[in-house]
Amino acid sequence: MKKRLVISAVALVLCVAVVTTVLLTQTAAASNGILYRVSGPNGTAYLLGSLHIGTDVMYPFGDHITQAMEESDIFVFESDSSEESTQQLQARMFLPDGTLRDILGDTRVDRVRDAYQTLGIRSDSINQQQPWVVISILAVYATANEMGIGNVQKSLSLGVDNTVKAYAEKHNKQLRYLELVTDYPDMMESFSPELIDYLIDDELSWILKEKQTTQPADMKDWPLYWQKGDVESFWNSYTQSTDDTDPQLIEEYDDKLLVQRNLRMAEQLDEMLTDGGHYFVTVGLLHLIVPGSSIPDLLEQQGYTVVRIEQ
């Protein structure tokens with residue numbers, strides 16, 4: 001479902017199973033990916049759309065991506081996943097008072113416990129967890145399920161942002177971030193109770209195998225779309241995945257997860273580019289392709305020259 005590309009970005013911080021990897025050298029065709037160049041009077045930024053959960057078909061990167069990385073001095077990501085930031089996030093993971101049952105009800109919490117047990121995740125502290133923690137953890141596994149991925153650990157390591165960060169660290173590149181790690185729980189805790197219930201129920205339905213995908217373009221094809229740079233097919237699959245969802249929930253979700261965050265991230269990038277420099281920016285793919293309010297659209301509206309770079 002569309003929400004997972006956004007949510008799982010920070011869910012990577014929550015999952016201990018995240019591992020890093022250097023750029024892979026496969027015999028498969030090099031990936032086109034979705035890459036934009038943003039040029040201004042003082043600086044240049046390359047924007048790469050990320051799938052946070054990946055497969056081998058997405059590697060190696062095409063020469064246009066690796067050349068853009070080589071030209072860049074500063075690598076920018078959505079949120080800091082350092083040990084210090086992870087500790088800050090962990091401090092927000094548990095309810096300050098009350099219980100998860102008070103928020104979600106007995107039936108839903110029992111289903112979450114069943115899902116945790118199915119996935120092999122400890123459930124002894126579940127009643128003290130924030131709802132957004134449950135959503136984030138389940139989202140990673142549900143997305144892997146829909147994409148036909150059995151090894152979640154490996155799929156996280158093959159996420160585009162993890163791969164780019166491994167390159168940046170290997171080459172001693174400077175790292176920056178567009179959001180504070182605490183921005184994520186702030187945003188998730190602002191969700192309406194109706195949206196929280198919907199997100200949890202939707203993840204549970206996949207984990208507990210209560211429904212099967214009926215999407216014309218199945219999620220298992222998303223890595224291939226990325227490899228080909230096929231924005232249209234990806235967007236069609238994304239929009240069709242929520243056809244049966246309450247439009248008010250979709251509007252709230254899109255506003256908080258995409259529209260508002262895109263405005264803030266575009267503002268941060270504008271400040272960086274005004275200062276000058278060469279940046280390589282990796283953010284969730286949807287932030288670059290949502291029509292009208294994408295980060296490339298917003299920067300172009302501010303006077304920057306934005307072009308798609310392909311093989």
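Trainee: Which residues form one aromatic cluster?
Mentor: Y59, F61 and W226 do. Keep in mind as we go that this is a predicted model.

Trainee: How many aromatic pairs turn up in the whole structure?
Mentor: A search of the whole structure gives eight. One of them joins F61 and W226, with the ring centres 5.8 Å apart and 50° between the planes, so it counts as tilted.

Trainee: Is F61 buried or exposed?
Mentor: F61 counts as buried because its relative accessibility is 5%, and the cut-off for buried is under 20%. W226 is buried too, with a relative accessible area of 1%.

Trainee: What about W222 and F234, how are their rings arranged?
Mentor: W222 and F234 make a tilted pair, at 4.8 Å centre to centre and 55° between the planes. W222 is in helix α11 and F234 in helix α12 (residues 231–240), 12 residues apart. W222 is buried at 1% relative accessible area, and F234 counts as buried at 2% relative accessibility.

Trainee: Back to W226. What does W226 touch?
Mentor: Leaving out residues up to four places away in sequence, its contacts include S31, N32, G33, L48, M58, F61, V160 and L285.

Trainee: Which residues have the most contacts inside the largest nonpolar core?
Mentor: W226 again, along with L47, V164, F280 and V281. That core has 58 residues, and helix α13 (residues 247–275) gives the most to it, with six residues. There is also a second, separate core of 32 residues, which includes W132, I135, A142 and L249.

Trainee: New topic: charges. How many salt bridges are there?
Mentor: The count comes to 13. Take D56 and K154, whose closest N and O atoms are 3.1 Å apart. D56 lies in the loop between β2 and α2, and K154 in helix α7 (residues 152–157), 98 residues apart.

Trainee: Are those two buried or partly exposed?
Mentor: D56 counts as partly exposed at 34% relative accessibility, and K154 likewise counts as partly exposed at 41%.

Trainee: Which salt bridge has buried partners?
Mentor: Look at E179 and R261, whose side chains meet at 2.9 Å, N to O. E179 is buried, and so is R261.

Trainee: Which residues are linked in a network of salt bridges?
Mentor: R108, R111, D197 and D201 are.

Trainee: Which charged residue lies over the face of F77?
Mentor: K165 does, at 4.9 Å from the ring centre.

Trainee: Now zoom out for me. How many helices and strands are there?
Mentor: The protein has 15 helices and six strands. Of its 311 residues, 57% are buried.

Trainee: And what about the surface?
Mentor: The accessible surface comes to about 13,100 Å², with 47% of it belonging to carbon and sulfur atoms.

Trainee: Great, thanks!

Definitions and conventions:
Residues are numbered from 1 along each chain as its sequence is written. This is a predicted model: local features need pLDDT of at least 70, side-chain atom pairs count only at pLDDT 80 or more; totals for chains, interfaces and linings use all residues. Side-chain values use heavy atoms; hydrogens and water are left out. Helices (H or I, at least four residues) and strands (E, at least two) are DSSP runs, numbered from the N terminus. Buried means under 20% relative accessible area, exposed over 50%, partly exposed in between (1.4 Å probe, protein chains only). Accessible areas come from the Shrake-Rupley method with a 1.4 Å probe; for residues, only the protein chains shown count as cover. Rings of Phe, Tyr and Trp (its six-membered ring) pair if their centres lie within 6.5 Å; planes under 30 degrees apart count as stacked, over 60 as edge-to-face and the rest as tilted. A charge sits over a ring if NZ of Lys or CZ of Arg is within 6 Å of the ring centre and within 35 degrees of the ring normal. A nonpolar core is a set of buried Ala, Val, Leu, Ile, Met, Phe, Trp, Tyr and Cys residues joined through side-chain atoms within 4.5 Å. Contact means heavy atoms within 4.5 Å. A salt bridge is a side-chain nitrogen of Lys or Arg within 4 Å of a carboxyl oxygen of Asp or Glu.
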